[in-house]
Amino acid sequence: MTVSRSTNDRASEQKQENWIFPPGRWGVSDAPPRFSVRPYSESMNNAMRIVAMEGFGGTDVLRMAEVEPPKPGAGELLIQVAAAGLNRADILQRQGHYPPPPGASEVLGMEVSGTVAERGPGADERWQIGDAVCALVPGGGYAEFCVAHSGCCLPVPTGVTLEQAAALPEAAMTVWANLFATDARNTPRLFAGERFLMQGGTSGIGVMAIQAARARGAHVAATAGSEEKCRFLRELGCERAWNYREQDWAAAAAEWAAGSGAVDVILDMVAGDYFAKHVELLGVGGRLIHFATAHGAEVQLDLRNVMRKRLTVTGSTLRSRPVEEKRRLRDAVEAELWPLIAQGKVRVVVDRALPMAQAGEAQRRMESSAHIGKILLRMA
Ligand SMILES: NC(=O)c1ccc[n+]([C@@H]2O[C@H](COP(=O)([O-])OP(=O)(O)OC[C@H]3O[C@@H](n4cnc5c(N)ncnc54)[C@H](OP(=O)(O)O)[C@@H]3O)[C@@H](O)[C@H]2O)c1
């Protein structure tokens, strides 16, 4: 069967949009973000370098530029950025599919590490000028200075370098929110002794989820797209790792779990055709948690399976949550996950760190999915 070019284009665009839910408010034809950008020159004062976007599209729209540094508002800190973590959402934002929330910087970048350079009015007293921090930000990370709400900042964990700390906020908070945050009845979603399946194990989120789940006593298995990645996942603590391109991962997972009944919890970024397999794989009381939908957000569900096995099907997003919710997540992550990092039970997995001028190369590596763990941009 021949597939027309336009069908391919539409399919590829849909595939990209599927990585995030909900789809962005921008269409590809909407106006691109505007910065008051001056051409980059070493000699300018009161200016910072950013990775700017000249319209939407491929990595060729990324440019080095200079702009005035932002000012910290109420409750905020200005951070001199050491490094920024890359996220798949940055690529979608570059393509015009994922706008920052209202009021956030239009500059790419959702997590940073660095030192506090300035305090805004009413910023939390615990953070003082010169403190080393890492922070979850709604935008603005691909820059030499970035504003963060003081409630979304974390100390750099013991044993982690300032640069490595940029790999932590997004993955730590996403994993905590989806697996360990407790509900009104003080119940998390994953308990010690349970069987946990992570789809996309070598993703930034995956390497954090696998290690945290292991450290908290769960049995862990994961999928990845190559044998090399699967070897890495076994070294990271997975009892099993399956190459989803070559193996029937669902059959292998059923066999893995058969000894103790079934899989208890699945953390998934794929959805689409995986959904029915997940519902089948989960045992009584199983929990299916979504944080992205690479294979499609619309699925069919036979509710009889949900009733028969008393399943929970859920998911979450992070970027658009109110600051107070992020602060609560920050507090839990700092109290529970940071000690595991300090004890060496959870390590920071950095694929590579590139200078900010190579942001395009860094994003192309993420698009190729060749990476294992987090890709960082270095601002110095
Ligand atoms: N909801 C939230 O709160 C939230 C927060 C953060 C991130 N996210 C989303 O989560 C997703 C992952 O983010 P990330 O930054 O961790 O990206 P990432 O590091 O690029 O991870 C994506 C990984 O998915 C794997 N993958 C692709 N197709 C797969 C499949 N069919 N089965 C299993 N694995 C597959 C790829 O590796 P292989 O080589 O193995 O294919 C790739 O490494 C993104 O869509 C991001 O937008 C959501």
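Two strands are taken to pair if DSSP finds at least two bridges between them. In the predicted model examined here, this criterion applies to strand E4 (residues 111–119) and strand E5 (residues 132–136), which pair in the antiparallel sense over 5 bridges, with Thr-115 standing opposite Ala-132 in E5. Strand E4 also pairs with strand E3 (residues 76–85), again in the antiparallel sense, and this pairing extends over 7 bridges; within it, Ile-79 stands opposite Val-116 in E4.

The surroundings of the ligand were examined next. The ligand is surrounded by 28 residues, of which the closest are Gly-200, Ser-203, Gly-204, Gly-225 and Ala-292. Two or more residues of this shell are given by each of helix H2 (88–95), helix H3 (169–180), helix H4 (204–215) and strand E9 (219–224). When the shell is divided by class, 13 of its residues are nonpolar, 12 are polar and 3 are charged. Because residues of the shell come both from domain 1 (24–168 + 348–378) and from domain 2 (173–315), the ligand lies between these two domains.

A further position, Gln-300, is found in the loop that runs between strand E12 (282–290) and helix H8 (303–309). Gln-300 has 7 C-beta neighbours inside 10 Å and therefore counts as exposed, the cut-off for that class being 12 or fewer. Although Gln-300 and Ala-276 are 24 residues apart in sequence, their C-alpha atoms are 7.6 Å apart in space.

Note on methods:
Residues numbered from 1 in each chain as written. Predicted model: local features only at pLDDT ≥ 70, side-chain atom pairs only at ≥ 80, totals over all residues. Near = placed C-beta within 6 Å. Helix = DSSP H or I, 4+ residues; strand = E, 2+ residues; numbered from the N terminus. Nonpolar A, V, L, I, M, F, W, Y, C, P; charged D, E, K, R; others polar. Domains from an automatic or database assignment. Buried ≥ 20, exposed ≤ 12 C-beta atoms within 10 Å, placed from the backbone.
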